[in-house]
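Dear colleague,

I am handing over the structure below, together with notes on what turned up when I went through it. Please read the notes alongside the coordinates.

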Amino acid sequence: MSKYSSLTFWLPKIPLLALIGTFLLPLALMQIHYQTGLFFIALYISYWSVKVFESYYYVLKSYVRLLQLEKKDWNKDIIVSKWAKNLRHIIIVPIYTEPYNVIEENIIALRETAYPYRENITILLATEARAIDGTRHAERIIREYGEWDMEIINIVHPSDIEWEGRVKWANITYAIRQYEKMCQEPGFHILNDRESRFLHTQEWDKPRVSLDPNNTFVSTIDTDTKVEKNFFMIVTESFLSTDMRDHAIYQYTPIYSNNWREGHFFARIIGIGTTMWQFFESQNPEFYRNFAVYGQSLSCLHRANYWSLTSIVEDGMQYWRSYFGWDGVFRIVHTPAICEMDLVDEKNLYRTIRSQYKQLRRWSWGCSDIEYILPEFVKNKKIPTIEKIRKTTYLIYNHLFWAGGPFMLFFIGYVPSIFTSIDHSLATFTVPIVSSIIFTVLFATIIIPSILSIHIMRRYTHFTRLDYVWNMIQWIVVPLLTLTLFSIPAIESQIRLFFGKRIDTFDTTEKMERK
């Protein structure tokens, strides 16, 4: 059988072929039938013009809901007070090379949350044997903060487990599995990797409460995360009030505010843009995806067979694993619990740009999900065909826009000039002018997200008068960023996938010491 007739050969080619096809489509239409080509150009520009204003509306709608929720008195919440007593929370915090005071800030924020059943909360510090400083920091955290009403446990992930990649989710999967063993076997010992001579073996001789998968909620947050005061109240209320609650991932709200004042302008734009994208996506439940900070029941985690041990796409892949675990009866539930996080910020400008690029490339590697979902759709007969088509189309469309959308908008108005003639001279002259006017108007509307970004960020970080001015000015570079730092990493991911040059190592973003 020829490799060219194999599905596994063609699946990695789909994203890049779709991208190339999209760029060639207006050229082909203009060549075949000039008026049809003009209609396509007008339709394409109109579609994205409407999408811009639609995104503004949904972002504003989501933000207003967040403001309304902040006024709620959680002490009077009946669901939490009446039904949360038997719900256990497990918070997994993966630790690698982060500075101690970054980890400490995370733990202090968890410690200061308001929740009536704090004894039901366990914090798992998931450290790596190959990162000795991280394991030292975890032990210090336990010494300084372990004697209070939330349990803190350090579980060291060995560095030589077969079939695992050097990815974050292998570490997290190991941590939750080890903790489950602890709860099932009284006297179970967590045997730390022999390479780590800085850690004492943790012994648990006392009987532990067995975990009920339907009443155990597992959250994963990054090391730089600071959860809000009502984090557990919001998460608990959202989980307990959701129908078929095990059939869902609960997406929290990331706000990149921890080092906002120190961050470079492009990192600020990408950070607040990511937050706004989450606001926008939360209003489209069918295609909403989990990202960065989220939780799910232990039952759901079992259905997904935990996390991928090899994929660097730590978020999107977990959606699909859970989705197929429940045969498509699955969704993402927007849970407006604020998680303050770090912008990408390293020791100098060059390293910051490089890290930001690698982070966006890692996120855009989600285009490789096509290799996983199409064979699963073929195997699964319980998911309706129309849903399979919608989900697959949206995945391709999403990465198509990410990689090619800005470039397509930039050049599509000049396509008629390629096919210039006496008969088409009017269109050749007017289309670029009209499209330029439309894009100028759309560019002027950047004032809307710039003002909204001020409203959001000043709630979580201090703003001076100069910050207000600088925040407005920095949005001017958005078109340039979308053509470079936004699109180029996505294009590289699709080229790599096409030629089999896979990204199999998780490039961690260096965290700076807190000032």
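Which side chain does Lys 382 meet in a salt bridge? The partner is Asp 327, with an N to O distance of 3.5 Å, where a salt bridge is taken as a side-chain nitrogen of Lys or Arg within 4 Å of a carboxyl oxygen of Asp or Glu.

Before going further, please note that this is a predicted model, in which local features need pLDDT of at least 70 and side-chain atom pairs count only at pLDDT 80 or more, while totals for chains, interfaces and linings use all residues. Residues are numbered from 1 along each chain as its sequence is written, and side-chain values use heavy atoms, with hydrogens and water left out.

**Salt bridges**

Lys 382 lies in the loop between α13 (369-379) and α14 (385-411), whereas Asp 327 lies in the loop between α11 (316-325) and β10 (331-340), so their pairing ties together parts that are 55 residues apart in sequence. (Helices, H or I of at least four residues, and strands, E of at least two, are DSSP runs numbered from the N terminus.) Lys 382 is exposed, at a relative accessible area of 63%, while Asp 327 is partly exposed, at 24%; here buried means under 20% relative accessible area, exposed over 50%, and partly exposed in between, with a 1.4 Å probe and protein chains only.

The structure holds 16 salt bridges, and those that share partners join Arg 361, Glu 492 and Arg 496 into one network. Another salt bridge pairs Asp 222 with Lys 168 (2.9 Å, N to O), and this pair links distant parts of the chain, since Asp 222 is in the loop between β6 (216-220) and β7 (226-227) and Lys 168 in helix α7 (residues 168-184), 54 residues apart. Lys 168 is buried, with a relative accessible area of 16%. Lys 51 and Glu 54 also meet in a salt bridge (3.0 Å, N to O); they are 3 residues apart in helix α3 (residues 34-70), and therefore separated by about one helical turn.

Leaving aside neighbours within four places in sequence, Ile 456 is in contact (heavy atoms within 4.5 Å) with Tyr 63, Ile 255, Ile 272, Met 276 and Phe 279.

**Cysteines**

With a disulfide defined as a pair of cysteine sulfur atoms within 2.5 Å, the structure holds 0 disulfides. For Cys 183, the nearest cysteine sulfur is that of Cys 300, 19 Å away. The sulfur of Cys 300 is 18 Å from the closest cysteine sulfur, in Cys 339, which is too far for a bond. Cys 183 is buried, with a relative accessible area of 5%, and Cys 300 is buried too, at 0%.

**Surface**

Phe 265, Phe 443, Leu 466, Tyr 468, Val 469, Trp 470, Ile 473 and Ile 476 form a nonpolar patch on the surface, with about 740 Å² of accessible area together. Its largest share, 5 residues, comes from helix α17 (residues 465-474), whereas Phe 443, partly exposed at a relative accessible area of 36%, is in helix α15 (residues 425-444). Patches are made of residues with over 30% relative accessible area and no salt bridge, like charges being joined within 9 Å and nonpolar side chains (Val, Leu, Ile, Met, Phe, Trp, Tyr) within 5 Å; accessible areas come from the Shrake-Rupley method with a 1.4 Å probe, and for residues only the protein chains shown count as cover.

With best regards
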